[in-house]
Amino acid sequence: MATPPTPADACAAGAAAKAVVVVVMGVAGSGKSSVAAELARHAGAPFVEGDDLHPRTNTEKMARGEPLTDADRLPWLRDLRAAFIAASRASSSSRPCVFVSCSALRKQYRDVLRTEPPPVDDDDNNNTRVSARPVVDVAVRFLYLRVPPQVLHSRLESRTGHFMKPGMLASQLAVLEEPDPRDEPDVVVAQVVESMTREDVVRLLWGLLREVRVVEGEY
């Protein structure tokens, strides 16, 4: 494994002054958290773990084997976007990038991560209006880990200490809307096979990110 470059060397954010946020996405057991953390470590960039931002009500619900609803997920997704925006602003790099892990199962969820929602205020007469807000200059890219179902099952069966139990995988696969790069051009799909180690997957993802000019250098 190569020596990690400095953040300025590793993150090629494309347009000047625009931060890049890389969301590593997939269902439970896809390995998104571990590979996103390793990508961030190698790049010398911040890492935001989506699971850490779930409110307690969400984690307790999942631990009971109850799937989350859109009403459960949308506030969490907005909090996650706020967290990675804050991380990009806090970076000392001239070309900041941030790595994020998030299931992002449906296009609707990915759209929440892509776009700053317009703030809505009520005036004294209870009329709703959109408030002004500074534009957030950030580009969000997605890395979708496509993993065979039998591999997902095997990983979840061997995992301990996590609120997401193996029985929840079926509900996640049912909700999943696999991204098609033809419709969502900011998505890169990575096909993961059973024989690949975590290092193999990270090397694959690094190469894919280098192809779309998000990072530079070797892994």
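The following dialogue sets features of a predicted model against the definitions behind them.

Student: What are the ground rules for this model?
Tutor: The model is predicted, so local features need pLDDT of at least 70 and side-chain atom pairs count only at pLDDT 80 or more, while totals for chains, interfaces and linings use all residues. Residues are numbered from 1 along each chain as its sequence is written, and side-chain values use heavy atoms, with hydrogens and water left out.

Student: Why is Ala104 called buried?
Tutor: Buried means under 20% relative accessible area, exposed over 50% and partly exposed in between, with a 1.4 Å probe and protein chains only. Ala104 has 1% relative accessibility, so Ala104 counts as buried. Ala104 sits in the loop between β3 and α5 (107-114). Its phi is positive, about 45°, although Ala104 is not a glycine.

Student: And what makes Arg213 exposed?
Tutor: The relative accessible area of Arg213 is 67%, and exposed means over 50%, so the term applies. Arg213 belongs to the segment after α8 (198-211). Arg213 is also a residue other than glycine with a positive phi, near 65°.

Student: What makes a run of residues a helix or a strand here?
Tutor: Both are DSSP runs, numbered from the N terminus: helices are H or I over at least four residues, strands are E over at least two.

Student: Which residues of α3 are buried?
Tutor: In α3, residues 56-63, the buried ones are Asn58, Thr59, Lys61 and Met62.

Student: How do you know that they lie on the same side of α3?
Tutor: They cover an arc of only 160° around the axis, which puts them on the same side of α3. That arc is taken from the directions from the helix axis to the C-beta atoms. The face turned away from the buried side carries the exposed residues Arg56 and Thr57.

Student: What do the buried residues of α3 pack against?
Tutor: They pack against α4 (70-90), where contact means heavy atoms within 4.5 Å. Just after α3, Gly65 takes a positive phi of about 85°.

Student: What makes β1 and β6 a pair of strands?
Tutor: Two strands pair if DSSP finds at least two bridges between them. β1 (residues 19-25) and β6 (residues 138-146) run parallel and are joined by seven bridges, so they qualify. Within this pair, Val24 has Leu143 as its bridge partner in β6. Leu143 also stands opposite Val188 in β7.

Student: Why are β2 and β7 called edge strands?
Tutor: Five strands form an open sheet, ordered β2-β3-β1-β6-β7 with parallel pairing. β2 (47-49) and β7 stand at its edges with a single partner strand each, so one side of each is left without a neighbour in the sheet. Neighbouring strands are turned by 20° against each other on average, direction ignored.

Student: How is α2 placed on this sheet?
Tutor: α2 (residues 32-43) packs on the sheet, touching β1, β2, β3 and β6, and its direction makes about 165° with that of β3. Such angles run from 0 to 180 degrees between N-to-C directions, with axes fitted as lines to C-alpha atoms, for helices over the stretch in contact. α4 lies across β1, β2, β3 and β6 at about 155° to β3.

Student: What makes a set of residues a nonpolar core?
Tutor: Its members are buried Ala, Val, Leu, Ile, Met, Phe, Trp, Tyr and Cys residues joined through side-chain atoms within 4.5 Å. The largest nonpolar core has 59 residues, and Leu205 is one of those touching the most other members. Not counting residues up to four places away in sequence, Leu205 touches Val35, Leu39, Leu143, Leu145 and Ala190.
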